[in-house]
Amino acid sequence: MRKWLPLLTVCLGTFMLLIDVTIVIVALPDMVDDLDASFRALQWVIDAYALALGALVLGAGSIADRVGHRRAYVIGLLLFAVSSLACGLAPTSGVLIVARAVQGVGAAAMFATTFALLNSAYAGRDRGSAYGIWGAVAGASAAVGPILGGLLTEGASWRWIFLVNLPVSVVAILLCGRTLPVAHAAVRGRIDLAGMASFTAAAACATYALIRANEDGWSAAVVWWLLVVAALLLAGFVAIEARTRHAMFDLALLRNRSFVAVLLAGLLLTFAAFTTLTYTSIWLQSVLGLSPLAAGLTGLPMSVTAFAVSAALGRALHGRRPDLVIGAGLLFVGLGSLLTAALVHGTASWPALLPGLALIGVGVGLATPILGSVSMSLVPAERGGMAAGAVNTTRQLGFAFGIAALGSVFTAQAQSVLAGRGIPDPARVAHAIAGGQTPGLLRAAPAAGRQLLDSAAHAAGVAGVQATFAVAGVVGILASLLVAVLMRPGGPHTVTSVERPAVPRGRDGDGVPARRDAPARSAGDSRTT
């Protein structure tokens, strides 16, 4: 059992950082009451974390390549623990939001090093098993978040959704020094500060633009100005990386169809599988009146199937064609979403969600571990932080884009239903429903029209959820086809299995000799692994 302690150490950090993306969702109403803040203001409790994580994970991976993956992981754990304590003790909404942003910085350092740490600890079929278990934890975490959040919020206080991170962080930090092997020989050279600054600013602008689009709609001028600035900053980043000797990101990887397919798969998998949960939770709580715990438990089929598939098949899928595995996973996600869209209609309630969410969990369980192993197979071991950072950046941007895009879909569909039922100012009411403010709307409505508004809100909520799952289903199926085209065997830079040469000889950023093994390939090598 001792050989699996490195996996446990990495999975503890992964579980915490991913569960904290969704654990907050069910606790927002309690935070509004306790901190005397508006629901709109406390949306930043979710957004600040997502913004910091999405913008910084690539830069954190680049730094980790230079200082050592193990050292960067421990620093991330420490920062995550301290900021979690600050979140749990926050006296105001402003302090809570700032602490959540710092928590996202620590999460970025952890997220950027997970794949490199797994690759340094395991080889052969053990590596397949390790990625399978890690994928099970990663795939189940987002769905477990609302369940755990509901338990802690109802049983204790919303503050415990943050304080519970402290004992887990302490255990993970103690395990790091005892179990994690040296990951790589440190990359020599300066840190690419210009590239890091330009990419972080671009990712932050893009993420914030998507957040504002969800709040203000796509017609808002600020959204498009932010997207233009993000595009200009990204162009500047590309120009910097093309000219620097110590680039944060190797642009040659973008000529590798398999790597591009992994980036797109990470973005679209997160979009299709997880962002619908946000609007499902709002519908279940604010429209149907379920408790936070009951709303969270509806995601249990997705958690169970994702964990079971990844854990059971990780070893068996080792050496299989990744295009088939990732493509099949995305296809299951798409079909599960379309099944949910078909079952959620009219007077439907929470049971209509269960079959489709279980099918989505199968897809998540198939695709998640393979994304990590393929990305690591395409770069030398000492650039593992860069590869992991790139993949996880697209995953976080996929979540931010999905929240914004599906928020617009939910609101538009709800508005259409409300207008058809003669509700005054349907746009305002639709935005209120999408923001979880249905109970407040009903309390403020005149008694004579309350029943009509309640009936219309139920119909609008169902229609909005149905539309989000329909869009997610189409995205999942198109993503499956895209992966099949980009990763098809026989082309240049094609990966036919997910085993890769292990770490090269050298010294890690922690100052400990790295183990000797086969030499790594360069990012642009066209040989198959």
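Author: Buried means a relative accessible area under 20%, exposed means over 50%, and partly exposed lies in between (1.4 Å probe, protein chains only). The model is a predicted one, in which local features need pLDDT of at least 70 and side-chain atom pairs count only at pLDDT 80 or more, while totals for chains, interfaces and linings use all residues. Residues are numbered from 1 along each chain as its sequence is written, and side-chain values use heavy atoms, with hydrogens and water left out.

Reader: Why is Tyr122 called buried?

Author: Tyr122 has a relative accessible area of 4%, and the limit for buried is under 20%, so Tyr122 counts as buried. Trp4 has a relative accessible area of 24% and is therefore partly exposed. Of the 529 residues of the chain, 59% count as buried.

Reader: What makes the aromatic pair of Trp4 and Tyr122 stacked?

Author: Rings of Phe, Tyr and Trp (its six-membered ring) pair if their centres lie within 6.5 Å; planes under 30 degrees apart count as stacked, over 60 as edge-to-face and the rest as tilted. A search of the whole structure finds seven aromatic pairs. In the pair of Trp4 and Tyr122, the centres are 5.2 Å apart and the planes are at 25°, which is stacked. This pair links distant parts of the chain, 118 residues apart: Trp4 is in the segment before helix H1 (5-22), and Tyr122 is in the loop between helix H6 (114-121) and helix H7 (124-155). Helices (H or I, at least four residues) and strands (E, at least two) are DSSP runs, numbered from the N terminus.

Reader: Why is the pair of Phe115 and Trp134 called edge-to-face?

Author: The ring centres of Phe115 and Trp134 lie 5.1 Å apart with the planes at 80°, so the pair is edge-to-face. Phe115 in helix H6 and Trp134 in helix H7 are 19 residues apart, and the pair links distant parts of the chain. Both Phe115 and Trp134 are buried. Ring pairs also join Phe115, Tyr131 and Trp134 into a cluster.

Reader: How do you know that H12 is roughly antiparallel to H17?

Author: Axes are lines fitted to C-alpha atoms, for helices over the stretch in contact, and angles run from 0 to 180 degrees between N-to-C directions. Angles under 35 degrees count as roughly parallel, over 145 as roughly antiparallel, 65 to 115 as roughly perpendicular and the rest as oblique. The axes of helix H12 (residues 257-274) and helix H17 (residues 354-377) come within 10 Å and cross at roughly 150°. That angle makes H12 roughly antiparallel to H17. The crossing of H12 and H17 is left-handed; this term applies if the near helix is turned anticlockwise from the far one by less than a right angle, and right-handed if clockwise.

Reader: Which residues of H12 and H17 meet, and how do they divide by class?

Author: Contact means heavy atoms within 4.5 Å. Among the residues of H12 that meet H17 are Phe259, Val262 and Leu269, and those of H17 include Ile360, Val364 and Leu371. By class, the contact of H12 with H17 has 11 nonpolar, three polar and no charged residues. Ala, Val, Leu, Ile, Met, Phe, Trp, Tyr, Cys and Pro count as nonpolar, Asp, Glu, Lys and Arg as charged, and the others, Gly among them, as polar.

Reader: What makes H13 roughly antiparallel to H21?

Author: The axes of helix H13 (residues 276-287) and helix H21 (residues 447-486) come within 10 Å and cross at roughly 165°. H13 is therefore roughly antiparallel to H21, and the crossing is left-handed. Tyr279 and Trp283 are among the H13 residues that meet H21, where the residues include His458 and Phe469. The contact of H13 with H21 divides into eight nonpolar, five polar and no charged residues.

Reader: Why is His458 called partly exposed?

Author: His458 has 29% relative accessibility, so the residue counts as partly exposed. Leaving aside its neighbours within four places in sequence, His458 is in contact with Val287 and Leu288.

Reader: Why does Thr298 count as buried?

Author: Thr298 has 6% relative accessibility and therefore counts as buried. Thr298 is found in the loop between helix H14 (292-297) and helix H15 (300-313). Beyond its neighbours within four places in sequence, Thr298 is in contact with Leu284, Trp350, Leu354 and Leu357.
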